[in-house]
Amino acid sequence: MEVKQIAIIGAGVSGLGATKCCLEEGLEPTCFEKSDDIGGLWRYEETTERPGIYKSLTCNTSKEMTAFSDYPIPDHYPNYMHNSKMMEYLRMYARHFGLLKHIQFQTRVCRVRKRPDFSSSGQWDVVVEVDGKQKTYVFDGVMVCSGHYTEKYLPLQDFAGITKFQGKYLHSWEYRHPDSFVGKRVVVIGIGNSGVDVAGEISQVAEQVFLSTRRGAWIWNRVWDNGNPLDTTLFTRYNRTIQKFYPTFLINRWAENKLNARFNHANYGLQAKHRFLSHQSVFSDNLPNHIITGRVLVKPNVKEFTPTSAIFEDGSEEIVDIVVFATGYTFSFPFLDDSSEILDSEHTMFKFVFPPQLEKPTLAFIGILQPVGATIPTSELQSRWVTRVFTGLQKLPSQSNMMADINKRKRKMEKEFVKSPRGIHRVQYIDYMDEIVSELGVKPNLLSLFLWDTKLAKEIFWGPCTPYQYRLQGPGKWAGARVAILTQRDRILKPLKTRVLKNSETSSSSLFWVRYICAVIILFVPVLLILLVIYQ
């Protein structure tokens, strides 16, 4: 039987994972990358011609939660990696699995269109451009891995007077480092992760920074209780099980009290108009420090600009030299022929992957979602599912059933989340991954594990829900998954222990673990009963 040829658009984190998954399932991938290197957004460049990152950018998700499911990040790497460390990891991953030979660099995808016999063959014509010359390929399947950040969203029409403003304005994707902001008065519009990071970094050299927000935000930081990474502490199956039994208002109250205990959001001008669970929260380790030292002043939305100042909705006016719009991104697929027939304006897809109305499921979108957690594991699972569908080993539901699932999800999201462009693609980390692996048949069987491998079961249930869990069984099973799970806490601690302590100095740590084990034993029986109810 002839090997199916698969086109992959983009060699960022999603494209690399997709390429590897194709090889894993016996498909032949060709990855088209318009730049001269892998990494996508994670690759820092001084140029501002393409979407980019600032030089100081650090991951908001910890390494154990961020890793590809069968390739742990080295134990000596920091828990939250600088973009340069992430690039090192991606290069190691690409070399280890032999991905580079499947990537065509400096190749722009111009057009993806159905072949005339698509209804029977499911094939696509893919037109690419290299050195100014176009070439057409025929593929049995296409995986779009171009990502969220393809176009900057710059809503100048919402800011009266901006065209008369005599200073400089730019989008945050053009920001690289604070050198050009020395001694300036700067207003940053938008309080997402990028806006907060940029405002904080600029404030170290600027005369004054104003952070403008319409609705406020809930701010959490990377370091959680006992100094552990936030996501490894909160994103556990135990916590998710408990949350399913708790009313939403109680979870909101707990989270908001927890975050206000660090600093009172109302006192710092950050009080959000929304509840914690209904909108994306913001990561920042340093924002409260910048506010309390006066380097950053939080302001309401900008009402209008004069030639030399910004007037805010509370009536205050401030002289400003530079405006940074941290207003996010939009994404589009300009290479997709008849895109309106394939995707609607909201990019409706079955489980954010498959357009439901195609006659043949040979087009898939990878990583076009906003997980409350790491991107790599979710996009990798999508690719594992897609490649099984491409090979015919997995079947999709009927179009009517897919649309029913899509509409059910939309109603749920409209009820739970604040309406926003990003909100329509938001998913809960563990829930979404379990949803995809249920299609694949690789979800860990906790009841079986509690009976036959209690040590592993306890770490899977009470420990961080790391991607290795989805390599324990079924298609794509990895022999190293069990060891990776049982040693994940060692890899978390390894980069922190750069000063060796004597035994007597670690007694408090030992006491913590004794208490932890006792708590686990106390909770074990009722949780097992809960599991029996859920998984019966």
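These legends go with a set of close-up views of one predicted model.

Residue numbers start at 1 along each chain as its sequence is written. Because this is a predicted model, local features need pLDDT of at least 70 and side-chain atom pairs count only at pLDDT 80 or more, while totals for chains, interfaces and linings use all residues; side-chain values use heavy atoms, with hydrogens and water left out.

**View 1**
Helices (H or I, at least four residues) and strands (E, at least two) are DSSP runs, numbered from the N terminus. Buried residues make up 51% of the 536; buried means under 20% relative accessible area, exposed over 50%, and partly exposed in between, with a 1.4 Å probe and protein chains only. Take the contacts between residues at least 6 apart in sequence: 69% of them join residues at least 24 apart. Here a contact is heavy atoms within 4.5 Å.

**View 1. An open, parallel sheet of 5 strands, β3-β2-β1-β7-β20.**
At the edges sit β3 (103-104) and β20 (363-365), each pairing on one side only. Two strands pair if DSSP finds at least two bridges between them. Strands β1 (residues 5-9) and β2 (residues 28-32) run parallel and are joined by 5 bridges. To find your bearings, look for I8, whose bridge partner in β2 is C31.

**View 2. Helices α1 and α11 against that sheet.**
Helix α1 (residues 13-24) lies across β1, β2, β3 and β7 (141-144), and runs at about 170° to β1. Helix α11 (residues 375-391) packs on the sheet too, touching β1, β7 and β20, and its direction makes about 170° with that of β7. Axes are lines fitted to C-alpha atoms, for helices over the stretch in contact, and the angles run from 0 to 180 degrees between N-to-C directions.

**View 3. Another open sheet of 5 strands with parallel pairing, ordered β9-β18-β10-β11-β14.**
The edge strands here are β9 (168-171) and β14 (296-299), each with pairing on one side only. From one strand to the next, the twist averages 20°. Strand β11 (residues 208-212) pairs with β14 in the parallel sense over 4 bridges, and L211 has V298 of β14 as its bridge partner. Helix α5 (residues 193-202) packs on this sheet, touching β10 (185-189), β11, β14 and β18 (322-325), with its direction at about 165° to that of β11.

**View 4. Strand β16 between two hairpins.**
A hairpin with 3 residues in the link joins β15 to β16. Strand β15 (residues 302-305) pairs with β16 in the antiparallel sense over 3 bridges, and F305 stands opposite A310. On to the next hairpin: β16 and β17 have 4 residues between them, and G315 in the turn has a positive phi of about 95°. Strand β17 (residues 317-319) also pairs with β16 in the antiparallel sense, over 3 bridges, with I311 opposite E317.

**View 5. Side chains along β16 (residues 309-312).**
S309 and I311 point one way, A310 and F312 the other, and all are buried. In a regular strand, side chains alternate between the two faces of the sheet.
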